[in-house]
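Please look at the structure before reading on.

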Amino acid sequence: MADKQPMSREAYRRQQTHARERSQLLHRHSTDAVKTNEFTEAKIKRLKRKLNWAIAIVVILIVLVYIILFKA
């Protein structure tokens with residue numbers, strides 16, 4: 001039989017501290033990723049709005065040029 005020796009208090013505390021630090025680090029990375037994702041989504045939303053305005057202005061200018069050039 002392979003009996004495991006019980007850990008000393010110091011070794012157990014070291015293991016628990018290491019596990020806690022690792023979990024906090026992983027949590028910190030995941031929240032940073034969420035914040036970055038939200039920031040990226042906001043930038044995309046602003047760019048979409050600007051693009052829509054640019055398209056609308058170009059269409060209006062094309063219509064104006066058409067009216068001016070082909071005025072009957």
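Predicted model: local features only at pLDDT ≥ 70, side-chain atom pairs only at ≥ 80, totals over all residues.

Residues are numbered from 1 along each chain as its sequence is written, and side-chain values use heavy atoms, with hydrogens and water left out.

The unreviewed UniProt entry annotates residues 51-69 as "transmembrane region"; such annotations may be inferred rather than shown by experiment. The span is 100% helix and 0% strand, and its end C-alpha atoms are 27 Å apart. Helices are DSSP runs (H or I, at least four residues).

A positive patch on the surface is formed by Lys43, Lys45, Arg46, Arg49 and Lys50. Of these, Lys45 belongs to helix α1 (residues 9-69). A nonpolar surface patch has about 920 Å² of accessible area together, and its members include Leu51, Tyr66 and Phe70. Phe70 sits in the segment after α1. Patch residues have over 30% relative accessible area and no salt bridge, with like charges joined within 9 Å and nonpolar side chains within 5 Å.

The whole structure has one salt bridge (a side-chain nitrogen of Lys or Arg within 4 Å of a carboxyl oxygen of Asp or Glu). Arg14 pairs with Glu10, their closest N and O atoms being 3.5 Å apart. About one helical turn separates the two, because Arg14 and Glu10 are four residues apart in helix α1.

The table lists exposed residues (over 50% relative accessible area, 1.4 Å probe, protein chains only).

| Residue | Relative accessible area |
|---|---|
| Lys45 | 55% |
| Phe70 | 58% |
| Arg14 | 52% |
| Glu10 | 56% |

Conventions: Areas by Shrake-Rupley, 256 points an atom, 1.4 Å probe, with all protein chains shown as cover. Lys, Arg positive; Asp, Glu negative; His and termini not counted. Charge placed at Lys NZ, Arg CZ, Asp CG, Glu CD. Buried < 20%, exposed > 50% of the residue type's maximum accessible area, 1.4 Å probe, protein only.
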